[in-house]
Amino acid sequence: MTRPDEPAKAPSRAYAHYVLAVLVLVYIFNFIDRNILAILAEDIKADLGVTDAQMGFLYGTVFAVFYAVFGIPLARFADVWSRRSLIATGLAFWSAMTALSGLARSFGVLAACRIGVGIGEASASPAAYSMLADFYPPHRRATVIATYASGVYIGAGIGIFLGGAILDAWAAAYPDGGAPFGLKGWQVAFMAVGLPGLAMALWVRTLREPTRGISEGLIAEPHPAPFKLLGRELMAVLPPLNLLSLAGHRPVLIRNAIAAAGFAVAAALLILVTGSIAQWVASGVGAYITFSWAQSLKIRDPATYAMMFRSRAFIFTMLAFPMTAFVGYGAGFWIPPLLLRLHDASVTQVGLFLGMGAAAGGFMGITLGGWLADHLKQRIPGGRMIVGYIGVVGSVPILLLLLYSESLAVAFWLNFALTAFAACNGGVPPSTAADLVLPRMRAVAGAYYILLNTFIGLALGPYFMGLLSDLFFASGLNEAEALRTAIAVSLLTLIPALVFMALAHRYLPGDEATRLDRARALGEAVDP
């Protein structure tokens with residue numbers, strides 16, 4: 001990073017707020033397209049004849065593996081190319097794939113469309129994190145990223161509401177069949193939420209690209225060959241091409257082979273135990289690709305590797321918050337089906353009140369949590385982690401009350417409170433990751449957090465809850481009791497999450513204070 005001949009001009013506060021608002025809308029589209037599956041799950045199950053575990057696989061694993069795997073190369077690309085163009089392209093692609101989901105007539109075709117949605121959505125958040133870090137100063141980073149992340153809850157809420165409304169409206173319009181082209185309500189819902197994203201992509205393309213590193217005075221020089229770098233990054237994550245990036249490093253190749261064998265054995269054992277071939281093949285491949293990518297990063301960019309993986313605060317943060325996402329993603333997906341099984345209510349009613357509660361509670365929780373995290377950081381070393389504790393400790397009793405409430409109205413209010421507490425720590429891990437690395441490394445650090453959050457939270461949370469639900473159902477519980485018990489048992493995952501959070505809290509002040517010294521020792525030019 002060097003000082004340019006002419007000082008770069010920082011963007012105005014008004015334009016920064018405008019960009020933030022547009023990116024929040026992008027994230028809303030992201031989660032509408034992703035989360036609408038939750039309210040459509042019961043209809044898809046009945047129409048395609050699938051189990052709870054298969055629905056968890058469809059919502060979580062098949063989406064998550066490709067989302068996470070492609071997130072890394074696209075994040076590296078975001079660190080060297082136009083971030084607005086990358087976000088716009090990804091938005092257009094995932095919106096098209098969501099709309100195409102409405103043409104699916106089989107589980108396999110629907111899974112293929114979800115893969116496309118995952119790949120497209122992988123482009124958005126790392127580029128947005130990096131972009132916003134250049135539009136706003138570091139001391140406002142958690143607040144800004146939390147505001148951006150509020151799109152998760154607004155989009156998830158809108159998706160649940162819209163999905164339920166479309167299902168009931170389509171059923172009312174065609175109660176005895178005869179719908180145009182034989183379309184089912186869930187297929188129409190996918191089309192309705194996917195197509196508007198194509199127009200939104202054109203809007204995103206009009207945003208101005210900020211100077212990389214301007215917020216900290218560490219201006220990064222333009223990369224001479226961004227598409228060549230993208231090609232290398234894709235090769236680093238796609239087997240067997242990933243081995244080419246390790247060529248010439250015999251010890252690394254040996255460790256790679258040992259890791260591949262270990263992941264294969266673990267996947268085979270889990271397949272024997274659960275019978276879920278697709279789940280564990282996909283998870284094993286994803287874990288291997290992640291390991292192999294880290295090996296390749298160490299060879300190609302040792303400074304970025306060291307800034308991330310030689311920071312204990314970074315490692316423990318990357319473990320703690322994805323483990324909370326295990327419960328968050330799982331419960332977020334299964335609560336709508338659970339309430340439909342427990343209570344005599346329509347999908348429109350459940351979708352409306354759950355959606356409104358999730359949108360309002362999530363927006364309130366994540367924005368206030370982001371502000372509180374920045375406020376505490378100014379006064380207490382590692383203060384942002386306190387918000388992480390609040391999110392975990394506050395959400396556990398509320399979720400248990402929701403699961404065992406006999407009143408649907410009370411469950412709706414509890415869902416609002418649950419989302420507020422669960423959402424409050426959303427800005428902590430990406431802002432912490434950004435504070436521990438240099439500007440040119442922000443997108444890839446954010447992508448690594450998203451990768452782990454996706455694998456641990458999204459790929460495993462909904463699937464495991466669905467698998468446990470199937471097991472409890474087979475043991476004699478009815479469908480509602482089986483699912484409720486599965487969600488409750490999964491709360492045990494929050495115990496190791498709190499342990500890792502405490503370790504991150506311990507090491508964070510020291511690792512942040514030595515950031516520039518560590519970077520200089522790695523050969524980085526970091527003089528502002």
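**The enclosed part and its surroundings**

Reply: Cys113 counts as buried, since its relative accessibility is 8%. Cys424 is buried as well, at 9% relative accessibility. A search of the whole structure, which is a predicted model, finds zero disulfides.

Among the helices, α7 (residues 185-194) deserves attention. Eight of its 10 residues are buried, so this helix is largely enclosed by the rest of the structure. The buried residues are Gly185, Trp186, Gln187, Val188, Ala189, Phe190, Val193 and Gly194. Their cover includes α1 (13-48), α3 (83-101), α4 (107-121), α6 (141-173) and α8 (196-204). The loop between α6 and α7 holds Phe181. With a relative accessible area of 74%, Phe181 is exposed, in contrast to the buried Phe190 of α7. Although Phe181 is not a glycine, its phi is positive, at about 60°.

A further set of buried residues belongs to helix α20 (residues 479-489): Ala480, Ala482, Leu483, Arg484, Ala486, Ile487 and Ala488. The elements that cover them include α13 (312-342), α15 and α19 (461-474). At the start of α20, a side-chain oxygen of Asn478 comes to within 3.1 Å of the backbone nitrogen of Ala480.

Helix α15 (residues 384-404), part of that cover, also packs against helix α14 (residues 347-377), at an angle of about 140° and with the axes 7 Å apart. An angle over 145 degrees would count as roughly antiparallel; α14 and α15 are therefore oblique to each other. From α14, the residues Gly369, Leu372, Ala373, Asp374, Leu376 and Lys377 meet Arg384, Ile386, Val387 and Ile390 of α15. By class, the residues of this contact are six nonpolar, one polar and three charged.

Thr454 is buried, with a relative accessible area of 3%.

The loop between α9 (226-237) and α10 (250-274) contains Asn242. Is Asn242 buried or exposed? Asn242 is buried, for its relative accessible area is 1%. Its side chain is joined to that of Ser292 by a polar contact of 2.7 Å. Apart from neighbours within four places in sequence, the residues in contact with Asn242 are Met235, Ala236, Val237, Asn256, Tyr288 and Ser292. The loop between α9 and α10 is also the place of Pro240. Pro240 is joined to Pro239 by a cis peptide bond, with omega at about -5°.

Ser292 takes part in the packing of α9 against α11 too. Two packed helices are described by the angle between their axes and the distance between the axes. Here, α9 and helix α11 (residues 277-300) pack at about 135°, and their axes are 8 Å apart. These two helices are therefore oblique to each other. On the side of α9, Glu233, Ala236 and Val237 meet Ile289, Ser292, Trp293, Ser296 and Arg300 of α11. The contact has four nonpolar, two polar and two charged residues.

Ala257, in helix α10, is partly exposed, with a relative accessible area of 45%. Ala513 is placed in helix α21 (residues 494-513) and counts as exposed, at 63% relative accessibility. Between the C-alpha atoms of Ala513 and Pro381 there are 9.8 Å, although these residues are 132 residues apart along the chain.

Conventions
Residues numbered from 1 in each chain as written. Predicted model: local features only at pLDDT ≥ 70, side-chain atom pairs only at ≥ 80, totals over all residues. Heavy atoms only, no water. Axes fitted to C-alpha atoms, helices over the stretch in contact; angles between N-to-C directions. Helix = DSSP H or I, 4+ residues; strand = E, 2+ residues; numbered from the N terminus. Parallel < 35°, antiparallel > 145°, perpendicular 65-115°, else oblique. Contact = heavy atoms within 4.5 Å. Nonpolar A, V, L, I, M, F, W, Y, C, P; charged D, E, K, R; others polar. Buried < 20%, exposed > 50% of the residue type's maximum accessible area, 1.4 Å probe, protein only. Polar contact = N/O pair within 3.5 Å; in protein donor to acceptor, adjacent residues only side chain to side chain. Disulfide = S-S within 2.5 Å.
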